[in-house]
Amino acid sequence: LFSTISSKSPPLHVIISLNFSYASPDFIIFIIVFLFLTSASCISIDKTEKMLDELDELVKNRHDIYAQYETELKWMKDSLAIADSHHERWQWADRLYDSYSYYSMDSTLAYVNLQKKYAHTLRQEYLTTLNEMYVTAYQHNETAAEQMFLSLDTLQIYSLGLQKEYYSSGITLYSYIKTYSTIQSAHKADDKLKRYRKLYLDVDSTSSYAHKTRAIVARDMGDYESALQILDSLASVETDTHNQALIAFNQSIIYERLGDQEGRIEALIRSVEYDLKSAVRTYLSLYNLALIEYEKNSLERANLYMSANMTDAIAGGFNTRMIDAGKMQVIISEASMEQDKEKIIWMFGIICSFIVILVLVITLFVKNVRHSRRQKEIKDMLLEVNSQLKTANSDLKLANRIKDNYVFSYMELAITYLQKLEDSRREVRSIAKNEGLEAVIKVLRSPSYIYEEYKHYYKVFL
């Protein structure tokens, strides 16, 4: 659909803002669906990230759960110590075996030995042998574990009604061999695993373990939809936290095969939460989550998960988990160190850039201060010059005013003299007409009139 938009088309936000009457219905539907999926994706990412944040806190505080679990174990140990009979002691030893089987392998072995000591019926002996087989397999002695398993008398197993325990132990044994043996042994183990799953489902079709086994069979046959339906139904009614962890882990495997990474991560998170609440130290879910976070380059979280995995494996004596976690811990630590180096280089670059910027800012500040100071000096000089110009202008105004007064007085006096010349001419003419030429000569030679005019002139202009 995006290919239909020309390179000359307006931006997407402009198209959306246009009146819908100008857009085709298909395009409008596409925009709505696109925005909805984008929003849903953001919400989903936020949800997964929130779940991971909560899991981080649970992993960090898991020792509080272990401490509470140790209290429960102590109570069972005290009950074993005060038991009156071998039968009761065997039962308490069996409960402690179950409680330690995913928590501490050394203690599991110790309570298997106690079961062997207190077993006084054929049924208890067979159950003890199955428990011992489990411990032997986890001690990397798969051949001895298989021989121990095959040495059991199946007729006695059937007569004692231990078919479910026997077949489930076979499933556990060959699942382990399939996972940790060579390729050739793994193929043989897979055939036997399928056989014992079928045998188990023939004698049990209602238990939680039966439903989980049926889901695994459907999963291995590629019927992922049926497998998920079985596991979802089982998860809604299951109350045991350890079984809930196993259900969630199997859901994560199916989501992985379906390519649903988000569903896989959420299933693994649930599995880890149930594992930790059950005080399980052999968890594989946290290991897988650590690998996912490593692939996402979220090394801090990957290191937290893998470190917890290795610490619990060491504390529980689970050698296989310890070796696998140890190898990945080294890889994650090296990657984390490389990332730290990159962060240091990046921070060094930022600091250098900051220093350069700081130097530039200081340089510009100093230049600005100097420029401001120079501007102030120029301003003060201009103010002084302006003041001088104002004074000079005032002096010029006064000089012009005096000049104007002088010119006006001069013009006025010139007019007066012209008038007086006219009056003198008339007087001379009158004297010449009435008294004669001698009288005119006498008047003209008289100095008193001219002297008075000179005095008046000097008085005005000097």
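**Entry 1: a first residue**

Is tyrosine 111 buried or exposed? I looked it up: tyrosine 111 is buried, because its relative accessible area is 11%. I noted the cut-offs: buried means under 20% relative accessible area, exposed means over 50%, and partly exposed lies in between, with a 1.4 Å probe and protein chains only.

I am working with a predicted model, where local features need pLDDT of at least 70, side-chain atom pairs count only at pLDDT 80 or more, and totals for chains, interfaces and linings use all residues. Residues are numbered from 1 along each chain as its sequence is written, and side-chain values use heavy atoms, with hydrogens and water left out.

**Entry 2: the whole chain**

The protein chain has 19 helices and zero strands. Both are DSSP runs, numbered from the N terminus: helices are H or I with at least four residues, strands are E with at least two.

I then checked burial. The chain has 462 residues, and 33% of them count as buried. The accessible surface comes to about 29300 Å². Carbon and sulfur atoms hold 59% of that surface. These areas come from the Shrake-Rupley method with a 1.4 Å probe, and for residues only the protein chains shown count as cover.

Contacts came next. Contact means heavy atoms within 4.5 Å. Among contacts with a separation of 6 or more, 59% join residues 24 or more positions apart.

**Entry 3: aromatic pairs**

A pair of aromatic rings is described by the distance of the centres and the angle of the planes. Rings of Phe, Tyr and Trp (its six-membered ring) pair if their centres lie within 6.5 Å; planes under 30 degrees apart count as stacked, over 60 as edge-to-face, and the rest as tilted. I found 16 aromatic pairs by this rule.

Why is the pair of tyrosine 100 and tyrosine 111 called stacked? The ring centres are 5.6 Å apart and the planes stand at 10°, so the pair counts as stacked. Tyrosine 100 is in helix α4 (residues 86–100), and tyrosine 111 is in helix α5 (residues 105–118). The two are 11 residues apart. Tyrosine 100 counts as buried, because its relative accessibility is 3%.

I also checked phenylalanine 149 and tyrosine 174. This pair is edge-to-face, with 6.3 Å centre to centre and 85° between the planes. Phenylalanine 149 lies in helix α7 (residues 142–150) and tyrosine 174 in helix α9 (residues 163–180), so the pair ties together parts 25 residues apart in sequence. Both residues are buried.

I noted one aromatic cluster as well: Tyr66, Tyr69, Tyr100, Tyr103 and Tyr111.

**Entry 4: charges over rings**

Which residue lies over the face of tyrosine 103? I found arginine 281 there, 3.9 Å from the ring centre. The rule wants NZ of Lys or CZ of Arg within 6 Å of the ring centre and within 35 degrees of the ring normal. Arginine 321 lies over the face of tyrosine 287, at 5.1 Å from the ring centre.

Both of these residues came up again at asparagine 309. Asparagine 309 touches Tyr283, Leu286, Tyr287, Arg321 and Ala325, not counting residues up to four places away in sequence. Asparagine 309 lies in helix α16 (residues 299–316). At 0% relative accessibility, asparagine 309 counts as buried.

**Entry 5: salt bridges**

Side chains of opposite charge can pair when their charged atoms come close. A salt bridge needs a side-chain nitrogen of Lys or Arg within 4 Å of a carboxyl oxygen of Asp or Glu. How many are there in the whole structure? My search gave 20 salt bridges.

Aspartate 190 bridges to lysine 178, with the closest N and O atoms 3.0 Å apart. Aspartate 190 is in helix α10 (residues 183–203) and lysine 178 in helix α9, so the pair ties together parts 12 residues apart in sequence. Aspartate 190 is buried at 17% relative accessibility, while lysine 178 is partly exposed at 34%.

Aspartate 202 bridges to lysine 198, at 3.7 Å between the closest N and O atoms. Both lie in helix α10, four residues apart, about one turn of the helix.
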